[in-house]
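Student: I am new to this structure and would like to learn how to read its features. Please walk me through a few of them.

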Amino acid sequence: MAEEFDELHIIKNNFYVGNYPLVINDTTNPSTPQGRLEKQCLIFRSLIALKQYQKIIEEVNDNHPEELCAIKLLAQYLSAKEANNTGDIENVLNTINNVLSNSNTNPVVILMFAIIYNYEEMVSEALQILEKVKNKNLECTAFYIQLLIKINRTDLAQKEVSQMKSWADDAALAQLAETWLNLALGGDRKYQESFYIFEELSQSINSISPKLLTGKAICKMHASNFAEAEKLLIESLNKNSNDPDTLVNLIICSRAQGKPEELVNKYIMHLNEVYPNHPYLKDYEEKSTLFDNAAKRYAQ
């Protein structure tokens, strides 16, 4: 079962809530080869979250386990995406097709590929490959739920969350999945439930991360309590000034409060510096272009 206590219980929870430095510096020494591999996967994925792609690319070779090779592929993809290197992106996608043609069902491998597909807006393909392994792996199930919410299939997401809670009710990741669903469903009661979950996770893990602070802030924003949301987001920004989710929500929160345009632009510029390919920026640019084109028609 997913919530059986294991040697990696703490490091896994730290990874799920975004405490990546704690994952990287964790001193746990797993007693089994599988445990040591799982820990290495979490460390490498934490490095990816901190955009330290090159370290993984240089360290992992074809002789490493397939899990690490799949994580390296994600690092290569994200590095290529930041550099707008379409050739390398295409190479990564071709490699994924080759691996999947051999009917690979390793949950870590499938999860990495699904994450890449999601970046490519290939959500149907991501759901399709996750379908094979989602009931065997907590992270695959959680990401499956996340993708269902992304395409507005909250009806299916509800079924998956209910099923997940039947075998992993107390798992931190299952609780996070419930918050995603609550926020998608909407309503004051759902927002409050999600806020309490974020609070409980902060206390149980004994460390509040930017991800948890931003989650709490989103609950407050949904409830139109923007002043409290801003305080939480500023606290998150003080913990990690480059966290993209914090910056995006600060932009939204600042606009909702009618903050000076100079402040909003400062957050936008910072986001553009650290995550130039962030979906929010792409959407913002597209809408700005549409607005400018419309304004020109009226100005003529």
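This is a predicted model: local features need pLDDT of at least 70, side-chain atom pairs count only at pLDDT 80 or more; totals for chains, interfaces and linings use all residues.

Student: How far apart should the ends of helix α5 be?

Tutor: The expected span is 1.5 Å times one less than the number of residues. Helix α5 covers residues 66-82, which is 17 residues, so it should span 24 Å. Its end C-alpha atoms are 24 Å apart, in agreement with that expectation.

Student: Which residues of α5 are buried?

Tutor: Buried means under 20% relative accessible area. In α5 the buried residues include L68, I71, L74, Y77 and L78. Among the elements that cover the buried residues of α5 are α3 (33-49), α4 (53-59), α6 (86-100) and α7 (107-119).

Student: How many aromatic pairs are there in the whole structure?

Tutor: A search of the whole structure finds three. One of them joins F15 and Y16: the centres are 6.3 Å apart, with 70° between the planes, and the pair is edge-to-face. Both F15 and Y16 are buried. Ring pairs also bring F15, Y16 and Y20 together in a cluster.

Student: Why is the pair of Y77 and Y119 called tilted?

Tutor: A pair of aromatic rings is described by the distance of the centres and the angle of the planes. The planes of Y77 and Y119 stand at 40°, so the pair is tilted, and the ring centres are 5.9 Å apart. This pair links distant parts of the chain, with Y77 in helix α5 and Y119 in helix α7, 42 residues apart. Y77 is buried, at a relative accessible area of 0%, while Y119 counts as partly exposed at 40%.

Student: Which charged residue sits over the ring of F195?

Tutor: That is K220, whose charged end is 4.5 Å from the ring centre of F195. Another example is K134, which lies over the face of Y144 at 5.1 Å from the ring centre.

Student: Is F143 buried or exposed?

Tutor: F143 counts as buried, with 11% relative accessibility. F143 is part of helix α9 (residues 138-150). Leaving out residues up to four places away in sequence, F143 touches L111, A114, I115, N118 and L130. From F143 to A126 there are 17 residues in sequence and 9.4 Å in space, C-alpha to C-alpha.

Technical notes:
Residues are numbered from 1 along each chain as its sequence is written. Side-chain values use heavy atoms; hydrogens and water are left out. Helices (H or I, at least four residues) and strands (E, at least two) are DSSP runs, numbered from the N terminus. Buried means under 20% relative accessible area, exposed over 50%, partly exposed in between (1.4 Å probe, protein chains only). Contact means heavy atoms within 4.5 Å. Rings of Phe, Tyr and Trp (its six-membered ring) pair if their centres lie within 6.5 Å; planes under 30 degrees apart count as stacked, over 60 as edge-to-face and the rest as tilted. A charge sits over a ring if NZ of Lys or CZ of Arg is within 6 Å of the ring centre and within 35 degrees of the ring normal.
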